[in-house]
Amino acid sequence: MTPELEQKIKTVFEKQKAFFKTNQTKNIEFRKAQLTKFRDVFLSHTDALCEALDIDLGKSRKEAEYVEIQIVSSELDYLLENIDEWAKPTFVESKPHPSGADIVSKIMHEPYGVNYIIGPFNYPVQLTFSPLIGALIAGNTAIIKPSENTPHVAKVIEEIIEKSFDEAYVKVFQGAIEENTLLLSLPFDYIFFTGSPNVGKIVMKAAAEQLIPLTLELGGKSPTIVHQDADLDKAVARISYGKWINCGQTCVAPDYIYIHESIKDAFVSKFIAYLKSTYPDGSLGKIGKIVSPNQIKHLAGYLEAAHEKVIYGGRYNLETRHFEATLMDNITWEDQVMQQEIFGPILPIMTYTDINVALEEINNRPKPLALYVFSESQEFANDVLNRTTSGDAEINSAIIHVGSHFLPFGGVGTSGMGKYHGKFSFEAFSHTRSVLQVK
Ligand code: NAD
C-alpha cells in the first residue's frame, strides 16, 4: 500500500467521523434523499455491473439481474417505504417505581456512526450493497472494501458510490489483506463482514481489540437431507438450482446430500437424467465461472482424492475457469470433500438408514449456515428442524430464503452472528437505546 493511500484512508475516516457528528444522518428525509439518488445511479449502471459480473464470474445477464441487481433494488424500495414507521420510538409499559413516580418508557433506534463493510467475491454486488443500504437507512456513514477477487465489479461499485455520495458519507477503498488490516485497526463504530469463517476470526479479533460491535456473515457445510418419502423430481430440480447457480459459489448452497439409503439409486438416476436434459452438451461453461485458477485446482483436488467416486461431470478448464456440475457418490465423512465448505459445483452424496445417526453426525459438526430437508411429511421435517440448528432452514427447497426481505438472514456459531435483510437490516445497523423519563 502506498503512503498516499494509507493517508487517504485515515483522512476519509476522520471526515466521516466529523460528518456523523453533524447529525445530518439522523434526519430521515436526508437518508431517503441519499438512498433515492443512489437507487437511480445504481440502476443506471445495470449494464456495467452485468458486464463486469460476466467477466469476473461468468454470470449470465438473467442471473445477474435477478440475484444481484433486483435483490438490491427491491430491498431498497422496501426500506424506503418503511423507514418512517421503523424509526419511530416504541413506547412500552413502565415498571411502577416504589415512589409512585409517573414514568414513561420508550425504545429508540439510533445509528452507530461510521461503519466498515467488507465484501466477499461470490455475489459482489448484492453482498456489498445490501449491507450498505441497511447501514444508510439506519443513519450511519460507511466505508466499503469490495473483494479484490472480482476486480471489474469492484471498479463499477466504486464508480457508483462516487457518483452517489460525498466521501464524508460513503467511500470505497479497493484492496486486499494489507488494506483490510489497516482499515480494521481504525476505531469504527460498527463492522459488517461477509466472508469465510477463517477471515471472520481475524475480523472479530480486530473488533475485539476495540470492542467494536459487528455482524459476521460466514459460511459452512449446509446439509441437505432427502428422506425416503421425498418427492424426488422436485428435490432434484430444487437442489440443482441451489447448487449450480454461480458455479456452486453460494454461501447457502446445498453443500452435500444426506439421503435415505432406500431411495439413493432412484435419486441418482433422476439427478443424472435431469442434468443431461438441462445441459445436453454438459454443463461446462453453462453455470458460471470459478473465481480463480487456484480455486479450480483446489476443487480438482477433491476429485483426484476420490476419482472413483465421481459419477457425473468432473471436467474443468483452468484457462476459462469453467467447472462442470459434478456428482460424487458413496461419500463418507472421511472423504476429503467432506472436510470443509466446498464452494464449487461438486455435490457429494452420502446415505443414512437411521435418521437419528444422521442428525447426530450433523450435530457433531460446526453449525451450518443453512439446512435443507426434503420430505412429504411435515412431522418428519419439523422433527429434523427441532433436533438440529443452522442459521436458517428450508423445507422442500433450497437457497431461496436469502431473497426474502421479510426473513432475517444469517448464521449461528461458526456460520456467523447477527441477522439482516429488510427490517432486520435496520435493526442490525441500529443501536437500540432505552429511554426512561420520570414526569
Ligand atoms: P474471504 O473470507 O476470503 O474474503 C472476504 C473479505 O475478506 C475480502 O474482502 C478479502 O479481501 C478479505 N480478506 C481475505 N483474507 C484476509 C485476511 N487474511 N485478513 C484480512 N482480510 C482478509 O471470503 P470469499 O472467498 O470472498 O467468500 C467466500 C466465503 O464467504 C465462503 O466461506 C462463503 O460461505 C462466505 N460467504 C458468506 C455469505 C453470507 O452471507 N453468510 C455470503 C457470501 C459468502
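These legends describe close-up views of a predicted model.

The model is predicted, so local features need pLDDT of at least 70 and side-chain atom pairs count only at pLDDT 80 or more, while totals for chains, interfaces and linings use all residues. Residues are numbered from 1 along each chain as its sequence is written, and side-chain values use heavy atoms, with hydrogens and water left out.

**View 1. Two domains make up the division of the chain.**
Domain 1 covers 3-218 + 415-438, and domain 2 covers 223-403. These bounds come from an automatic or database domain assignment. The C-alpha centres of the two domains lie 32 Å apart. In contact (heavy atoms within 4.5 Å) are 19 residues of domain 1 and 18 residues of domain 2.

**View 2. Domain 1 and domain 2 bury about 1400 Å² between them.**
Buried area is the accessible area (1.4 Å probe) that two parts lose on being put together, summed over both. Carbon and sulfur atoms give 50% of the area here. On the domain 1 side, Phe121, Tyr123 and Ser415 lose the most area to domain 2, together 28% of what that side buries.

**View 3. One view shows the salt bridge of Asp392 and Lys419.**
The two side chains meet at 2.5 Å, N to O. A salt bridge is a side-chain nitrogen of Lys or Arg within 4 Å of a carboxyl oxygen of Asp or Glu. Across the interface of domain 1 and domain 2, the rule finds 1 salt bridge.

**View 4. His401 sits in a loop.**
The loop runs between strand E16 (392-395) and strand E17 (416-417). Helices (H or I, at least four residues) and strands (E, at least two) are DSSP runs, numbered from the N terminus. His401 counts as buried because its relative accessibility is 9%. Buried means under 20% relative accessible area, exposed over 50%, partly exposed in between (1.4 Å probe, protein chains only). Beyond four places in sequence, the contacts of His401 include Val252, Tyr372 and Phe409.

**View 5. Helix H12 (residues 355-363) has four named buried residues: Ile355, Ala358, Leu359 and Ile362.**
Seen down the axis of H12, these residues fall within an arc of 95°, so they line one face of the helix. The arc is that of the directions from the helix axis to the C-beta atoms. Their cover includes strand E8 (222-226), strand E14 (346-352) and helix H13 (378-386).
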